[in-house]
Amino acid sequence: MDEAGFLALARPGLRTLRPYDPGLDLVALRRDCPGLVELGSNENALGCSPAARAAAQAALEQVHRYPDPSGGALKSALAGALGVGSEQLMLGNGSHELLMMLAQAFAGPGDEVLASRFGFAVYGLAAQACGARFVQAPALPAGHAMPLGHDLDALAAAVGPDTRLLYLANPNNPTGTWFPRAALEGLLAALPPRLLVVVDEAYHEYTTDPALQSAVGLLPRFPNLVVTRTFSKAHGLAGLRLGYLVAARGLVAVMERLRESFNANGPALAAAVAALADTAHLARVRQANAAAREALSAALKARGLAVSPSQANFLLVAFGRDAGAIEAGLVARGVVPRPMAGYGLPDCLRLTVGTPEDNQRLLQALDEAMA
Ligand SMILES: Cc1ncc(COP(=O)(O)O)c(C=O)c1O
């Protein structure tokens, strides 16, 4: 039986689902182009804490053992850092896994899952995989101070009787835009308490705007709030796959029924504990990213390009009809951007903020490609 045959046997939601698009083929590009500058996946330009790497290496001695199924040491470190109870935490094989599981647990056929247009691609996948209808509220218009960012009023207006879950990212990927915690508070107060609101804070540790505080502080007031975070971005542990969510303990207890028993692996758990403790490394990462983000944004704007405001470690840049040619020109010069056609933004590329040297190579390649 071919794919179409098996698809006929699968849940109806899978018929329209397109697998997550990870961008350009990095394995082939790395093989063909040594010294590649990889700016397509919003990874940490400075890498992880040396203490985290050492902890992961030490944990490899125990790979014949299953990891701690509850991730107790990491949960208690996270609980202390966030000021929540350990029972309010759930660990995932990346936050991607948790975003998918939330829909699996709380939505299904006949239900709606809501997100903003130009939100993170996984929200639509999560909705379709569980058989729910994916609804997208309009994003803020291009001329707005937060172009293509989340319009919280439009999201509130799009909530209907069948809406079970609302996903928002703060800051958002791929736009880099954000909203202040006060605006989120207003949204939560306006929504029915039966609707679960998932605030995806994958890039939270990179943020520098004081108005952009974490939603974790709102959990005591809003039991329908779920906050997801990850060690993949500012903590630099994307390859180990570790994310977490913070929510009401009752919600975590329900989600735990679905969790695969050893979804967070031993080296990842050990590395994450060490990464959390290395606050000096995280501060360096945040500071270096903020400086490089500003410098790169200014350099791109000086070339006449429209650059979205960003609180994350990437910039969304509009190249107009030349985007495809610029993308090819960058790749030919060993610089990997993220094409945005899959997000309905074919005239844009998303560029991860690299080290100052990476950004210099990007700008040089861009100047040659644009010439
Ligand atoms: C907004 C957002 N949320 C979640 C994720 C998933 O990250 P991970 O599964 O590595 O934790 C990403 C990854 O790019 C992201 O951009």
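**Exercise 1. Determine how much space lies in the second largest cavity, and which residues line it.**

Solution. About 40 Å³ of space lies in the second largest cavity, where a cavity is a set of points, on a 1 Å grid over the protein atoms alone, at which a 1.4 Å probe fits but cannot get out, and lining residues have an atom within 4 Å of a point. The volume is the space filled by probe spheres set on the points, which are joined across faces, edges and corners. This is a predicted model, in which local features need pLDDT of at least 70 and side-chain atom pairs count only at pLDDT 80 or more, while totals for chains, interfaces and linings use all residues. Residues are numbered from 1 along each chain as its sequence is written, and side-chain values use heavy atoms, with hydrogens and water left out.

The next step is the lining, which consists of Pro-22, Gly-23, Leu-24, Leu-26, Gly-40, Ser-41, Val-336, Pro-337 and Arg-338. Sorted by class, this lining has five nonpolar, three polar and one charged residues, with Ala, Val, Leu, Ile, Met, Phe, Trp, Tyr, Cys and Pro counted as nonpolar, Asp, Glu, Lys and Arg as charged, and the others, Gly among them, as polar.

**Exercise 2. Describe the largest cavity by volume and lining.**

Solution. The structure holds three cavities of 30 Å³ or more, and the largest has a volume of about 70 Å³. Of the 13 residues in its lining, Pro-69, Ser-70, Gly-71, Leu-91 and Arg-259 are the closest to the centre of this cavity. The lining of the largest cavity divides into five nonpolar, four polar and four charged residues.

**Exercise 3. Characterise the largest pocket and the elements that line it.**

Solution. A pocket is an open set of grid points with protein on both sides within 12 Å along at least five of seven lines, and the largest one has a volume of about 570 Å³. Its lining comprises 26 residues, and those nearest the centre are Ala-121, Gly-124, Leu-125, Gly-342 and Tyr-343. Two or more lining residues come from each of strand 3 (112-116), helix 6 (122-129), strand 4 (133-137) and strand 12 (338-339), these elements being DSSP runs numbered from the N terminus, with helices (H or I) of at least four residues and strands (E) of at least two. Helix 6 gives the largest share, four residues, and by class the lining has 13 nonpolar, nine polar and four charged residues.

**Exercise 4. Work out how the ligand is surrounded and contacted.**

Solution. Begin with the shell, in which 13 residues surround the ligand, the closest being Ser-95, Asn-173, Asp-200, Thr-230 and Ser-232; a residue counts as near if one of its heavy atoms lies within 4 Å. Helix 5 (residues 95-106) supplies the largest share of this shell, three residues, and the shell has four nonpolar, six polar and three charged residues.

Turn next to polar contacts, here pairs of N or O atoms within 3.5 Å. Oxygen atoms of the ligand lie 2.7 Å from a side-chain N or O atom of Asn-173, 2.7 Å from one of Tyr-203, and 3.0 Å from a backbone N or O atom of His-96. The protein covers 93% of the 390 Å² of accessible area that the ligand has on its own, by the Shrake-Rupley method with a 1.4 Å probe.

**Exercise 5. Locate the cis peptide bonds.**

Key:
A polar contact is a pair of N or O atoms within 3.5 Å; within protein, one must be able to donate a hydrogen and the other to accept it, and residues adjacent in sequence count only if both atoms are side-chain atoms.
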